[in-house]
Amino acid sequence: MRDHARVVIIGGGMMGCGLLYHLAEEGWTDSILIEKGELTSGSTWHAAGQCPSFIADYSMAMIHHYGNTLYPTLEEKTGQYVSWHGCGGIRFATNEAELDWFKHVEGVSKMIGFRMQIIGPDEIRKINPFVDTTGVIAGAWTLDDGHVDPAGCCNALAKGARDMGAEIYRNNRVLDINHMPNGEWQVVTEQGTVTCEHVVNAAGCYARKVAQMAGVDVPITNMKHHYIVTDPIQEFLDRDEEMVVMRDPYPSSYYRQEQKAGLIGIYETENAAEAWAERGGHPEWESENELFTEELDRIMPWIERVMERMPIFANAGIKRIVNGAIPHTPDANPLLGPAGGLKNYWMCNGSSIGIAQGAGCGKYLAQWIVHGEAEINMAGLDPRRFGPYANEIHVRERSFEDYTHMYALHLPGEERPAGRGARKSSLYDILKEKGALYAPTFGWERPKYFSPDGREEEITFKHNNAFNAVAAECKGVMEAAGICDLSGFAKYDVTGGDAESFLERIVANKVPKREGGIGLCHFLNDHGRIEGECTITRLDDDRFYLLSGASAEIRDFDWLTQHVGDSEDVNVSNITDDYGNLVLVGPKARDILQQLTDTDLSNDKFKWLTGREITVADIDVRALRVNYVGELGWELHAPMEDLPALYEAIDEVGRPMGLVDFGTYAVNAMRLEKAYKGYAAEMTNEITMIEADMERFCRFDKEDFLGKAATLQRKQDGVSQQLVYCELEIGDCDARGGEAVMAGDQNIGVTTSGGFGHRTGKSLVFAYVKPEFVAPGTTFDVLVLGQARKATVLAEPVYDAGNSRLRG
C-alpha cells in the first residue's frame, strides 16, 4: 500500500465509492479508498436499491436527481453491471395536508427537472392495476426514478474511479487515525500507514467507530430495517411491463417488483427501540456482511397492510428476508462536510438511503473538498448542524423517531417530542408558564409564539391558530414594546493584540473603529461565496463580541479558530452557554429600560448601532442597540444565571406600559417587513455578496479581505441570478422557501424564505431570479402549494424604509 495520498477515504460502500469517483472526476486522482472487507460489505450489499425523486428539500432533491441521471449511464461508462430499472414511482397521499405537500414538491420538480405528476386514484390503478387505493386521494407519480442493483452500482462507481487513476485497498482494516503536528493525517491500517492531507469517514454503520479514532463522534444510530422478497408472482410472470415502486404511508412501506417476485420494505411506526441495532449502536467492527435474525412477528402488522394494498402478494411465499443495519441521523439528512473542531477531517456518512444518495453526496462533497464550496446549499447537510448537545441518548431518541416517521409528513409547526429540551435558557420554565410554545434550534428551546388560550399550534400548511396570536405580538411590539428570549444566538469573545487585524482580514465589512461600534460582517471564502454572517461589537481596543445564528455555532467557531495565523495574538472563546439574550424592542423600550439603569439611553449618549457594558437592575449586561425586527430597542446579553431576574425586572416595569412577550414567528414576520436577509436562506455558500444584493457590506477600500478579489471579479463578470424582495398576492398561506418562481411556463428562480408581515398586512417573500426580472415593479408567479400567486418586486422595505423607528 502507498504511504502518501492527497485523500484517504475510509469505507467502501456506496457513499465512499461515490466520493472516490467524483474526486477522481474533479482531477484528484491521488485519492485512495480503504475498506476493511470487500466493497459493499457494510450496508450497501443488503440494501433494496431504491432511487426516489420525490423529496421536498431543494438540496436533497438535487442530490437524488443527480443519481437518477447518472445511474442509467453508469454501466455504459464503466462496463460494470448496474441494472438500472427506470420504472418510476408513486407515493400516496391519504389526506389533504399530504396533497398540499405534493403540490409543493411538484414545484420543486419544475426547478430541478425531474418529471412529476399529481394523479388521482383512477390513474394510479391504470399505472398499477394490482393496487387497492382505498383511502388514497392522490398519488405523486415521479417518472424518472427507479432502482438499481446496489452492489453492481457501487462497484461501477469504484471501477470508474480506478479507471480515472484512484486506488482502492480492500481487506485492510483501519486501526487508528492520528492528526500530525504539520496538519496532515496519519491513517494506520493492517497493511501499513498512509499520510494524507484529507481523511474522509465514509464508514457507514461503522462511522462512529472511525470518528472516535480521531477523538470526535457522529450523530448516528443504526436501525435494523427489514425487507422481504417473495416467491415469483404469476401476474408479474404474465406481463412484460415492470410495476412502479409504491411508497405508502398506510403500511409505512415501499413495495415493488423484484424480477418476477415482490419486494416489501417496512418502517415500523411503533416500537422503534426494538429495531435498534444494539451493542452500542453499531455492528461489531470485526463483522462483515452482517445480517440480523429476522423478526417477522414485529413487522407482521405492516406486512398485512401491504397485502391489503397488493392482494397479489398475499398468497406468495417468502423467498428471502433481509434484516440489516442502516444508519439514521436525527433529521434524516446525511452528514456531508467537515467534522467540528478538526481541519480536513470530513464526514460522508449517515445516509439511510445511501444507494439513492451516494452519487450526489459524492459529487457535492467532492466539490467542497476540492474547491472549498459546492454548487448547492450545504448548510442542511453539514455535520456541524449538530453540536455537543446531540449526545448518544439524544441522537438515539431522534433517530428512532426519524425511522418511525419515514413515510409520515412533517408539517410546518409540528414539533415532535423526541430529544427535546437538550438546551434551555434559564427562562424556559417562566415563559412556558406564560404560554410559550417552543421549537428547537440547534438543541435550544426557543419560544415560537405565546398561545393566548393554551392550545397547541394547529398543524397545517395554511394560516392557523398561531396567525392571530402572532399578529397580536407584532402589534404589541409596534405600539408599545415587546420582549423575546433569543438566548440561542452563538456568542464569541475575540481578544488579543491582533484581534482587530485578524477580524479585518476575515470579514468583508470594516471592523468597528470606535469603542462600542457595531458592524454587520460576513465571512467569505476564497471564491467570494458567503460562509457566515455575524455582528461584531467592539468592547475595547483588543476585545470584540461576535454574535451569529444559533445553528452556526460550531461552523462559525471553526471558521474563526481555523483562520487564526500561527503568529497572531488572537484568542477565540465560545461563550454561547454563558450568556442569555433578551431582546427588548418597541417605541416604549427606552422608557422601560431607562427605569432600570443609571446609564443615559438617549440618542445622544447611546446611539443606534452602539454596544456598551452597563448595569440593568443591578445586573451586568452587554447592551447592544441593534435588533432583527426594525424597532427602537436593545439586545440585553446577561449571564445566563441572571436572566430570570433581568426578565422579571423588565416585566414588572414594562407590563403596565403595554409590554408583550413575543417569539420567533413574530421575529420572522417583522424581519421580512424590514427586508432583512437570513443566513442559510438568502445567504448561502452557493452565492456571493453580489447576487445576494449585499455589496454595501463589502468595503473594497480595505487593503484586503478574504474573498475580496473573487467578489470584485463577480461584480465585473455579472451574475446569472439575483436576490429580489417581493410582495406576494395574499392567500390563505404564505411562501416558506423552496417554491418555484415562474414566468409563464418558464422557471426563472426559487424562493428562499417568506411569511406574513402583520404590521403591514402584506405577504412577503425573498427569491433568486434571473437578472432580467429584478427591476422594481416586475411581476412573476410563485407556486405556493401548487397555486400560482402573483409576486411584485419591491424597491425598499415595506416597513419604515428610512429606519426612523430604529433611530428613534
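## Second largest pocket

The second largest pocket holds about 670 Å³ of space. A pocket here is an open set of points on a 1 Å grid over the protein atoms alone, where a 1.4 Å probe fits, with protein on both sides within 12 Å along at least five of seven lines; the volume is the space filled by probe spheres set on the points. Its lining has 26 residues, of which K343, W368, G372, W559 and H563 are the closest to its centre. Lining residues have an atom within 4 Å of a point.

At least two lining residues come from each of β11 (192–201), α9 (354–371) and α14 (553–562), with α14 giving the largest share, five residues. Helices (H or I, at least four residues) and strands (E, at least two) are DSSP runs, numbered from the N terminus. The lining divides into nine nonpolar, eight polar and nine charged residues.

## Basis of the model

This is a predicted model, in which local features need pLDDT of at least 70 and side-chain atom pairs pLDDT 80 or more, while totals for chains, interfaces and linings use all residues. Residues are numbered from 1 along each chain as its sequence is written, and side-chain values use heavy atoms, without hydrogens and water.

## Packing of α2 and α5

Helix α2 (residues 58–78) packs against helix α5 (residues 150–163) at an angle of about 50°, and their axes are 10 Å apart. Axes are lines fitted to C-alpha atoms over the stretch in contact, and angles run from 0 to 180 degrees between N-to-C directions.

The contact (heavy atoms within 4.5 Å) involves L70, Y71, L74 and T78 of α2 and C153, A156, L157, K159, G160 and D163 of α5.

Methods
Nonpolar A, V, L, I, M, F, W, Y, C, P; charged D, E, K, R; others polar.
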